[in-house]
Amino acid sequence: MKFTWFNLMPWPYLPDDFREKNRSVWVDIDQALFDPEKSHEVYNTYMDLLEYAGTVGFDGIGVNEHHQNGYGIMPSPNIISAGLARRTKDVALVVLGNSIALYNPPVRVAEEFAMLDCISGGRLVAGFPVGTSMDTNYCYGQIPSLTREKYQEAHDLIIKAWTTREPFAFNGRYTKLRYVNLWPRPIQQPHPPIHIPGGGSVETYDFCIDNTYSYSYLSFSGYIRAQALMKGYWDRVAERGAPDTSPYRAGFAQTICVAESDEEAERLYSEHILYFYNRCLHVYAGFADAPGYRTIKTIQTGALSQYAPPRAGYSKLTWKDLIDGGHVIAGSPETVRQRMEDLIRSLHVGNIFCLMHVGNMPKEKCMYSTKLFGEKVLPKLRNMFPEFADDGRFWCKPMKQRVAAGRLPSDRDAAEAVSRVTA
Amino acid sequence: MQLKTIKTHRAPVRYFEGGKGQPLVFLHGAGGIAADDPFLAKLAESFHVYAPLVPGYVDSEECHEIRDMLDFTLHTLDVVDALGLKDPILVGHSMGGMIAAEMAAVCPNEVSRMALIAPSGLWLDDHPVADIFTKLPYEMPALLFHDEEAGKARLTTGLALDDPKFLQNFLVTNARQLGMAGRLLFPIPERGLSERLYRVKAKTILVWGDSDRVVSPVYAHEFKRLIKGAQLVSIPEAGHLVQLEKPRETAAAIQRLV
């Protein structure tokens, strides 16, 4: 099993009446709610927490890309990852990912991911999301019905740039480049492992299966509601005649909170969970799905956007709703272990993206929950798929000998070295 | 109106045909058009009307290869050609007006008479065109009509948005139709038309509803400024779907081209 500690980087200062006074947490969120000076501490705390997770047993630390979004102050996950690459030693950097249709030209992604792979010594796991309609269409202006074609072209260009060792010309519809000549290039060969976040598009299933990419379902609604979608994926894996059903072909994001007991979990985390589910997911329905963004086939299979509000309108979800519905797995280490085992078996997933910083959770509680999971839950789940234990296709392969940050000699040693040269 | 099909280079095109008189081609807006459209019926009293559907609209085949403004313009010229028409009166509403204006700019010698009804295609920072893509069904009547209540009756009759089966069909239709419209209108309905309008030679009538909340009547004056000799017919108590709210007045304005 591979466990990645994930931080969406929510803005923790949305007011109590946010949902009543604002139409959307995303796209046209009120800028007055963001305080740059407060963000200084928020960013640094979030990065500290990601680094902390790297020391308590997690395999990876994860970041993602959102724009104009109250629950994600990370339009550039690469900037965060660059910081993390320097301050962490062994964990994978899971960038899930760069919305490749938004980069102009997309070789920018090939370059920046190569830099991250080089700086981190081959610890990059690369993600290529199509991006949500909010990010891709409404914030970044891509034409909905052409987004997938542009995404596909960007993907082809990036892979070709990563795997071609001489300059080539790329005559795409959306990008035309006379000299593609990647410099630097990634350590991992032929390229870093690729995860594709998806939300139920049949086309994305096929894309992952055909290219040996891992399909990640990054839902906030928990593993119980994800059964149908993941079954659709595994059925497709079988239909398509993939050579194996390795659980590492799939990943799933789950909100998790651990405490000493179930009661303590509710007492400690309820407030922050409710902040996230009742405030941060308040997206105006008109932004959820630009016409043409999803394919006809996908609409016909009934995969509705997880951001569309329930038809009966918003109601306030309670801790009990969220626990019973499986949106959130919370409780004592034993409770969490049982439910995680249920999740892993029922969805047949080898990559778990653990959403452990939730909403406006303060750092102390987040550390507490993270450490309990890392020490008391994770080791018991580690070997759930022994028959696939050596499937390394979907995870990074770091260099054996890596350097750490801060290895300069002392000023005195540097001066001595210089004097030896000049002598 | 009869629904027929004609072959073109890009795709088989579905079109409504009816009426007697001079040939007139009507290009619909992003909302599409139905067989019982009262404005088409009104036009058919005086003209031989052809109303081709943009690929993906109603039951017509989609065409992925029509991606940008030039593709739409040339495709629509192909349609006119395939219908065997030479220099028909060209009428376009909203997105259809944008396409008509492009046709007249690209091929000024093939379009001598044109009516643009609340056309898209220009952008003024101080008067942003409404974002139709983010609007929810219940928000549409107030946006599109002067008379919101009458508009509501027209638009939402028969919409069973609580029925999942209906909703799925509704979403598929939206994805097909507005997905195509988005190629010209998303995220800003402007593709450089203002720089090409100087080429237009057609006698041009502009028709605008005074209460247009999608494309403000301010744009009427901008089109008038950019198209030499264009005449403006402003229609009171009418919104963006002026031809549905005031079919008689809109058709009368088009008569000026005869």
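Tutor: The model is a predicted one. We can start with T136(A), which lies in helix α5 (residues 133–139) of chain A.

Student: Why is T136(A) called buried?

Tutor: T136(A) has a relative accessibility of 0%. Buried means under 20%, so T136(A) counts as buried.

Student: Which residues does T136(A) touch, not counting residues up to four places away in sequence?

Tutor: T136(A) touches L102(A), V130(A), G131(A), G141(A), Q142(A) and T147(A). The cut-off for such a contact is heavy atoms within 4.5 Å.

Student: Where does R294(A) lie, and what makes it buried?

Tutor: R294(A) lies in the loop between α10 (262–280) and α11 (296–300) of chain A. Its relative accessible area is 9%, and buried means under 20%, so R294(A) is buried.

Student: How do you know that R294(A) and D289(A) are joined by a polar contact?

Tutor: The contact between the side chains of R294(A) and D289(A) is 2.5 Å. A polar contact needs a pair of N or O atoms within 3.5 Å, so the value for R294(A) and D289(A) meets that cut-off.

Student: Is T5(B) buried, exposed or partly exposed, and what makes it so?

Tutor: T5(B), in strand β1 (residues 2–7) of chain B, has 43% relative accessibility. Buried is under 20% and exposed is over 50%, so T5(B) falls in between and counts as partly exposed.

Student: What is T5(B) in contact with, leaving aside its neighbours within four places in sequence?

Tutor: T5(B) is in contact with P12(B), V13(B), R14(B) and Y15(B), once those neighbours are left aside. One of these, R14(B), also has a polar contact of 2.9 Å with T5(B), side chain to side chain. That value passes because the limit is 3.5 Å.

Student: How far apart are T5(B) and R113(B)?

Tutor: In sequence, T5(B) and R113(B) are 108 residues apart; in space they are 25 Å apart, C-alpha to C-alpha.

Student: What makes H348(A) and V58(B) partly exposed?

Tutor: H348(A) has 21% relative accessibility, and V58(B) has 38%.

Student: What is said about phi in H348(A) and V58(B)?

Tutor: Phi of H348(A) is near 55 degrees, a positive value in a residue other than glycine. V58(B) has a positive phi of about 50 degrees and is not a glycine. H348(A) lies in the loop between α13 (333–347) and β11 (351–355) of chain A, and V58(B) is found in the loop between β4 (47–52) and α2 of chain B.

Student: Which residues are joined by a cis peptide bond?

Tutor: Q189(A) and P190(A) are joined by one, with omega about 0 degrees. Another joins F186(B) and P187(B), with omega about -15 degrees. P190(A) lies in the loop between β6 (176–180) and β7 (194–198) of chain A, while P187(B) lies in the loop between α6 and β7 (203–209) of chain B.

Student: How many cavities does a search of the whole structure find, and what makes a space a cavity rather than a pocket?

Tutor: The search finds 3 cavities of 30 Å³ or more. A 1.4 Å probe fits in a cavity but cannot get out, whereas a pocket is open. The largest cavity has a volume of about 100 Å³.

Student: How does the lining of the largest cavity divide by class?

Tutor: It has 8 nonpolar, 3 polar and no charged residues. Helix α2 (residues 69–82) of chain B gives the most to this lining, with 4 residues. The lining includes L27(B), H28(B) and F72(B).

Student: What lines the second largest pocket?

Tutor: This pocket holds about 480 Å³ of space. It is lined by 23 residues, of which S145(A), R148(A), G292(A), T295(A) and H64(B) lie nearest its centre. By class the lining has 9 nonpolar, 7 polar and 7 charged residues. The largest share, 5 residues, comes from α6(B).

How values were computed
Residues numbered from 1 in each chain as written. Chains lettered and ligands numbered in written order. Predicted model: local features only at pLDDT ≥ 70, side-chain atom pairs only at ≥ 80, totals over all residues. Heavy atoms only, no water. Helix = DSSP H or I, 4+ residues; strand = E, 2+ residues; numbered from the N terminus. Buried < 20%, exposed > 50% of the residue type's maximum accessible area, 1.4 Å probe, protein only. Polar contact = N/O pair within 3.5 Å; in protein donor to acceptor, adjacent residues only side chain to side chain. 1 Å grid on protein atoms, 1.4 Å probe; cavity = no way out; pocket = protein on both sides within 12 Å on 5 of 7 lines; lining within 4 Å. Points joined across faces, edges and corners; volume = space filled by probe spheres on them. Nonpolar A, V, L, I, M, F, W, Y, C, P; charged D, E, K, R; others polar.
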